[in-house]
Amino acid sequence: LAKREQLFLINDASLKFFKEQLYDTDVGRSVALSYLSDRGFSKHTIEKFGLGYAPPDGKALTQHLKGLGYKEDQLAELGLLTKNGNDFFRDRVMFTLHNVSGKIVGFAGRSLTTDKRIPKYMNSPESVIYQKSKFLYGTFFAKAAIRKEEECILVEGYTDVISLHEAGIENVVASSGTALTEEQIR
């Protein structure tokens with residue numbers, strides 16, 4: 001397989017893991033799924049957008065992916081593994097970042113803690129498959145509605161996009177808290 005395709009497969013396996021953690025673990029259901037339900041997200045919307053949960057264990061995702069035969073250098077390249085060998089995303093609700101074709105290019109994790117020292121959101125770093133300056137969250141799910149409506153609504157963040165989709169407004173994307181770039185406008 002080509003390197004890019006291998007990276008997409010790793011992200012696919014990561015999403016599957018995050019979804020299992022959301023639905024099949026006590027902490028995933030009680031903390032993360034409760035948060036998503038409290039935000040008004042239906043099971044259909046949670047599935048559609050690929051929402052999940054990264055457990056607090058700093059090695060769970062890495063061990064899972066290594067068990068599937070993926071290498072640490074590949075995980076590090078995607079930003080799933082830190083320099084000191086821990087999972088990058090820990091104890092966070094996970095948002096899947098899809099490119100315009102629907103392939104998973106990265107993830108964003110939202111902390112549910114009230115500790116102000118912990119960043120509220122953490123995003124995958126840039127890689128050969130994810131360039132933040134060219135990316136708008138929700139484009140894959142919005143493109144048909146944008147064409148139909150001949151209009152695109154730009155909002156600030158992930159939950160804004162998902163909430164509007166939940167309400168039936170689908171021609172919406174987010175710059176995810178970054179400065180709007182020419183590539184994103186294009």
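Residues are numbered from 1 along each chain as its sequence is written, and side-chain values use heavy atoms, with hydrogens and water left out. Because the model is predicted, local features need pLDDT of at least 70 and side-chain atom pairs count only at pLDDT 80 or more, whereas totals for chains, interfaces and linings use all residues.

The chain contains eight helices and six strands, where helices (H or I, at least four residues) and strands (E, at least two) are DSSP runs numbered from the N terminus. Along the sequence these elements follow the order α-α-α-β-α-α-β-β-β-α-β-α-β-α. The radius of gyration, taken over C-alpha atoms, is compared with a globule rule of 2.2 Å times the number of residues to the power 0.38; for 186 residues a compact globule would have a value near 16 Å, and the 16 Å of the chain agrees with this. The C-alpha trace spans about 45 × 40 × 30 Å along its principal axes.

With contact defined as heavy atoms within 4.5 Å, 64% of the contacts between residues at least 6 apart in sequence join residues at least 24 apart. The chain exposes about 9,600 Å², of which carbon and sulfur atoms supply 51%, the areas coming from the Shrake-Rupley method with a 1.4 Å probe, and for residues only the protein chains shown count as cover.

Buried residues (under 20% relative accessible area, with exposed over 50% and partly exposed in between; 1.4 Å probe, protein chains only) make up 45% of the 186 residues. A nonpolar core is a set of buried Ala, Val, Leu, Ile, Met, Phe, Trp, Tyr and Cys residues joined through side-chain atoms within 4.5 Å. The largest such core holds 48 residues, among which Leu-80 and Tyr-137 touch the most other members. Helix α1 (residues 3-24) provides the largest share of this core, nine residues.

Tyr-137 lies in the loop between β4 (121-123) and α6 (139-149) and counts as buried, at 2% relative accessibility. Although Tyr-137 and Val-155 are separated by 18 residues in sequence, the C-alpha to C-alpha distance between them is 9.6 Å. His-98, by comparison, is found in strand β2 (residues 92-98) and is likewise buried, with a relative accessible area of 10%. When neighbours within four places in sequence are left aside, His-98 is in contact with Phe-49, Lys-103, Ile-104, Val-105, Phe-135, Phe-140 and Phe-141.
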